[in-house]
Amino acid sequence: MLHYLTFSIIIDDIVFHDGQTAMGVLGGGGPQTAFGMRLWSDSVGVAGGMGHDFPQTALTWLDEMGIDRLGIHRYEEYPSLRAWQISEADGRRIQVWRIQGKAIPTQLALDFNRLPPTYQQPKGFHFGVHPESPNLEVVRRFREQGTVVSIEPFRDANRTLSDDELRGLLSAGQVFSPNLLEAESLVGSAPPDQLIARMVDAGAEVIALRMGPEGSLLHHVEQSEMIHIPAIATTVVDPTGAGNAYGGGFLVGWVETGDLRTAGYYGAVAASYMVEQIGLPPISTAWQERAQKDLARFI
């Protein structure tokens, strides 16, 4: 059985705040999260949809990174999901779909029953959702199988959620991992520690609040303390996907060790590697060795 699973694949056309561009970059929550997982686990898979024009180079990256793609379904009748990723100087990112119509909901639909049997009982599953319309049914099915589910909002909420909607979202998985803007859109503006307290009140169990260059703030409902994990110093070339890589690393760390601080550094190391180049890190057999050495500096 597969140990760690994530979902969704997009081809990114990145526009930087200074006008530079990078076209045709493999992205989406799936590959970026899978990289963060793959640093710490040899059993990682991606599910999702791809169209008739999906680049062979993207499939090669997944294969040579040792990421299982049995759960990727090819839709010959649709183009692959493709979007502009527009980065602002202050760290904000805007996604604009470049394709239209049924290709988007078809390739972003996740039906538990359509997953390969080896994908239906992983140790951990990281899932990006729209806050207003999360697919909580698939989360429920995974949790019934004993899977630890980590939920990350794709973006900040564009409307105020009802109390029931908020509790349903925050309590659906065992881990909830928003960034500051996403958290504020859900529970209102406040300092990071108060954001976490409000999310706990709304039903969250384990929270990994991502704060960009300020690192992350972690909390488990069964503990009184909050743990700050600083961002790991590195040369930032492109921040796209850092949150996803963090989420993948954090989930593996939490499942394998049960220690928040260790899990936080799993995530921080993964995020630091993601930002060092445009798009996904280049294929290398030395990533896991480097990750273990970097982890040893902090744990």
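**Figure 1. Arg141 is partly exposed, with a relative accessible area of 21%.** Buried means under 20% relative accessible area, exposed over 50%, and partly exposed in between (1.4 Å probe, protein chains only). The model is predicted, so that local features need pLDDT of at least 70 and side-chain atom pairs count only at pLDDT 80 or more, whereas totals for chains, interfaces and linings use all residues. Residues are numbered from 1 along each chain as its sequence is written, and side-chain values use heavy atoms, with hydrogens and water left out. Arg141 belongs to helix α4; helices (H or I, at least four residues) and strands (E, at least two) are DSSP runs numbered from the N terminus. Leaving aside residues up to four places away in sequence, Arg141 touches Phe112 and Asn113, where contact means heavy atoms within 4.5 Å. Glu77 is 64 residues from Arg141 along the chain, and the C-alpha atoms of these two residues are separated by 29 Å.

**Figure 2. An open sheet of 9 strands has mixed pairing.** Two strands pair if DSSP finds at least two bridges between them. The strands follow the order β5-β4-β1-β8-β9-β10-β11-β12-β13. At the edges stand β5 and β13 (226-229), each with a single partner strand, so one side of each is left without a neighbour in the sheet. Within the sheet, β1 (residues 4-7) and β8 (residues 124-129) run parallel and are joined by 3 bridges. Thr6 has His126 of β8 as its bridge partner. Helix α4 (residues 136-144) packs on the sheet and touches β1, β8 and β9 (148-153).

**Figure 3. Strand β2 pairs with β3 and with β6.** What is the direction of β2 relative to β3? The two strands run antiparallel and are joined by 5 bridges. Ile10 finds its bridge partner in β3 at Gly27. Together β2 and β3 form a hairpin with 5 residues between them, and Gly19 in the turn has a positive phi of about 95 degrees. With strand β6 (residues 82-87), β2 pairs in the parallel sense, again over 5 bridges. Asp13 stands opposite Trp84 in β6. Of the 6 residues of β2, 5 are buried, so the strand is largely enclosed by the rest of the structure. Ser8 lies in the loop between β1 and β2 and is buried, with a relative accessible area of 1%. The phi of Ser8 is near 95 degrees, a positive value in a residue other than glycine.

**Figure 4. The whole structure holds 1 cavity of 30 Å³ or more.** On a 1 Å grid over the protein atoms alone, a cavity is a set of points where a 1.4 Å probe fits but cannot get out; a pocket is an open set with protein on both sides within 12 Å along at least five of seven lines, and lining residues have an atom within 4 Å of a point. The largest cavity contains about 30 Å³ of space. Its lining is formed by Asp12, Ile14, Val25, Leu26, Gly27, Gln32, Thr240, Met274, Gly279 and Leu280. Both β2 (10-15) and β3 (21-27) supply at least two residues of this lining, and the largest share, 3 residues, comes from β3. By class, the lining of the largest cavity has 5 nonpolar, 4 polar and 1 charged residues.

**Figure 5. The second largest pocket is lined by 17 residues.** Nearest its centre lie Gly71, His73, Tyr75, Ala109 and Arg114. The space in this pocket amounts to about 240 Å³. Which elements each supply at least two residues of the lining? They are β4 (44-51), β5 (68-75) and α3 (103-107). The largest share, 5 residues, comes from β5. The lining of the second largest pocket divides into 9 nonpolar, 6 polar and 2 charged residues.

**Figure 6. Asp63 lies in helix α2, and Thr262 in helix α9.** Helix α2 comprises residues 56-64. Asp63 is partly exposed, with a relative accessible area of 39%. Although Asp63 and Ile283 are 220 residues apart in sequence, they are 9.8 Å apart in space, C-alpha to C-alpha. Helix α9 comprises residues 260-274. Thr262 is buried, with a relative accessible area of 12%. Residues up to four places away in sequence not being counted, Thr262 touches Thr257 and Ile299.

Conventions
Points joined across faces, edges and corners; volume = space filled by probe spheres on them. Nonpolar A, V, L, I, M, F, W, Y, C, P; charged D, E, K, R; others polar. Axes fitted to C-alpha atoms, helices over the stretch in contact; angles between N-to-C directions.
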